[in-house]
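Please read the points alongside the structure shown here.

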Number of protein chains: 2
Amino acid sequence: MSLLVVGTVAFDSIESPSGTVDDVLGGSATYFSYAASFFTKPRLVAVVGEDFPDANRQVFADRQIDTAGLTTEKGGSTFRWKGRYHQDMDTRDTLEVHLNVLATFDPKLPASYRDSTHVFLANSSPQVQIKVLQQVTRPTLVMADTMDLWISTERDALNKLLPRLDGLLLNDGESLLLTDTDNIIRAGERARKLGPKFVIIKKGEHGALLFSDDGVFMLPGYPTSQVIDPTGAGDSFAGGIMGHLTQDTSPPPGRLRRAMAYGTVVASLTVEGFGLERLKRTDRAEIDARMQKYREMLAF
Amino acid sequence: MSLLVVGTVAFDSIESPSGTVDDVLGGSATYFSYAASFFTKPRLVAVVGEDFPDANRQVFADRQIDTAGLTTEKGGSTFRWKGRYHQDMDTRDTLEVHLNVLATFDPKLPASYRDSTHVFLANSSPQVQIKVLQQVTRPTLVMADTMDLWISTERDALNKLLPRLDGLLLNDGESLLLTDTDNIIRAGERARKLGPKFVIIKKGEHGALLFSDDGVFMLPGYPTSQVIDPTGAGDSFAGGIMGHLTQDTSPPPGRLRRAMAYGTVVASLTVEGFGLERLKRTDRAEIDARMQKYREMLAF
């Protein structure tokens, strides 16, 4: 069993009520693979520019993340994002986006990645996501993220992608937009009819919902009083889910639910520091201890 | 064991994306006692005007709600509220408030109510809530609701009330206001330091949090795709909690948690119709069946 992620590696500059950081290592593939690395050895596909320092490559190496698929584009600059979180930590403004090498990124899988069993297509155009998927020989579980932009502008391509997915990951606003409803429960049920076997709707601090053949499953967010930087929470959640699924050999009923609980716990750690700062200070033992606490907080 | 509620009985006029109703039976004590009546026989204290029809009294009688404490003020008119829900069903505008008989309401407990063991002080000025409490001989569990108005304008009286409470019920915005923080987890912990043994923070469709000696407990909302009218959801939640607690003789650990789950289930039924319409069509068997479904939706 092997887990592949295709997404972004970025330099993030973040302003939050807790402080400011510049040019920290971020991006969907970064958070996803880092979160997943507590459970499995993920394979990463992304592109960076010549400005990407060795110290950042070492961050992946330290977690045994396979970077055979991390391309460095000659003469290019790494994707940059700058954002500011509001006081409620729930909403943010994007202040700057410099796509740089991302603008022309056409992901090519190394031969050694083609046998990946678990695939996560982080947010990018559905056309690119389909092209990636075509390069995987026989995936057993494919999950994809998307965003309002593609739902609005690339609907035909998205409609082609959705039936090829096992799981679709959306936030609450995206789920309503995709299914043209104002109720999140209806949205989850309708989204499944567009093709994916299961749909996960993320509600930020309020947790997540799963819609599958198994009915509805709900998880509240892990309650943390230390929200420093919400960047990467959604991708860490996905990384925890897919990472845990990749190494979980127990029978299916409940497997996805358990994986979502692990994703929730890892995401709750992510937001307790800027960038990867908090995740760098955790380990599987702390994650398991927090999971135990989480279970106790949900028991009745 | 006997449950007392002191609050409002009202005529509500409601506009929601699902339709419009005029002058339906509402008010905090109405929703609370109706929800609690599926578990126990609540005692109601409230005031109405001469315009209050027998048909509405029959609504209480049909659920064996004790209305010895329902005063009819001669020449007075019943409290009226008119509101409009936005498309998201989460926010509402108050269009009209006519306090009428509520303006001078000074609740007096009938002698037969003074031995109540469980007391719910629905939202009203903390001075009135304290006066009510003084009329109960020896309550074993007192829970109170409040609102932003009293937190802002009656802080001294509120500070006197809080140490007399077992439980304090707040919504998320109120909890942040009361404790001057922007994080709901910190708010719950700080609110306990003001006196109540436990604090319940309501998050609407996103569920509720409990802060007690037992740590943090979380419940997501029951997922319903049929949100018709959110009016009374919070008071039904409280009624389900207190109703269940009043008749639950199992040992304490977990008793409050279970009661909160029942409150969540009853509240989810409330919002599926205008006013009491949906609650009138339910029974304990349906509530228990939904509870079983709820447990299954939370298991992992």
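1. Copies are superposed by least squares on the C-alpha atoms of residues with pLDDT of at least 70 in both. On that basis, chain A can be laid on chain B with an RMSD of 0.0 Å, by a turn of 180 degrees and a shift of 0.0 Å along the axis. This is the relation of a two-fold axis. The same surface serves both copies, as 100% of the contact residues of chain A recur in chain B.

2. On provenance, this is a predicted model, in which local features need pLDDT of at least 70 and side-chain atom pairs count only at pLDDT 80 or more, whereas totals for chains, interfaces and linings use all residues. Residues are numbered from 1 along each chain as its sequence is written, chains are lettered from A in the order in which they are written, and side-chain values use heavy atoms, with hydrogens and water left out.

3. Contact (heavy atoms within 4.5 Å) joins 29 residues of chain A to 29 residues of chain B. The area buried between the chains is about 2,700 Å², where buried area is the accessible area (1.4 Å probe) that two parts lose on being put together, summed over both. Carbon and sulfur atoms give 61% of that area.

4. Which polar links are counted between the chains? There are 16 residue pairs in polar contact, both residues at pLDDT 80 or more. A polar contact is a pair of N or O atoms within 3.5 Å; within protein, one must be able to donate a hydrogen and the other to accept it, and residues adjacent in sequence count only if both atoms are side-chain atoms.

5. On the side of chain A that touches chain B, helix H7 (184-193), strand S13 (215-219), helix H9 (255-270) and helix H11 (284-298) each supply at least two residues. Helices (H or I, at least four residues) and strands (E, at least two) are DSSP runs, numbered from the N terminus. H11(A) gives the most, with 6 residues.

6. Most residues other than glycine have a negative phi. A:Gln64, not a glycine, has a positive phi of about 55 degrees; its place is the loop between helix H2 (54-62) and strand S5 (66-73) of chain A. B:Asp23 likewise has a positive phi of about 55 degrees and is found in strand S3 (residues 19-26) of chain B.
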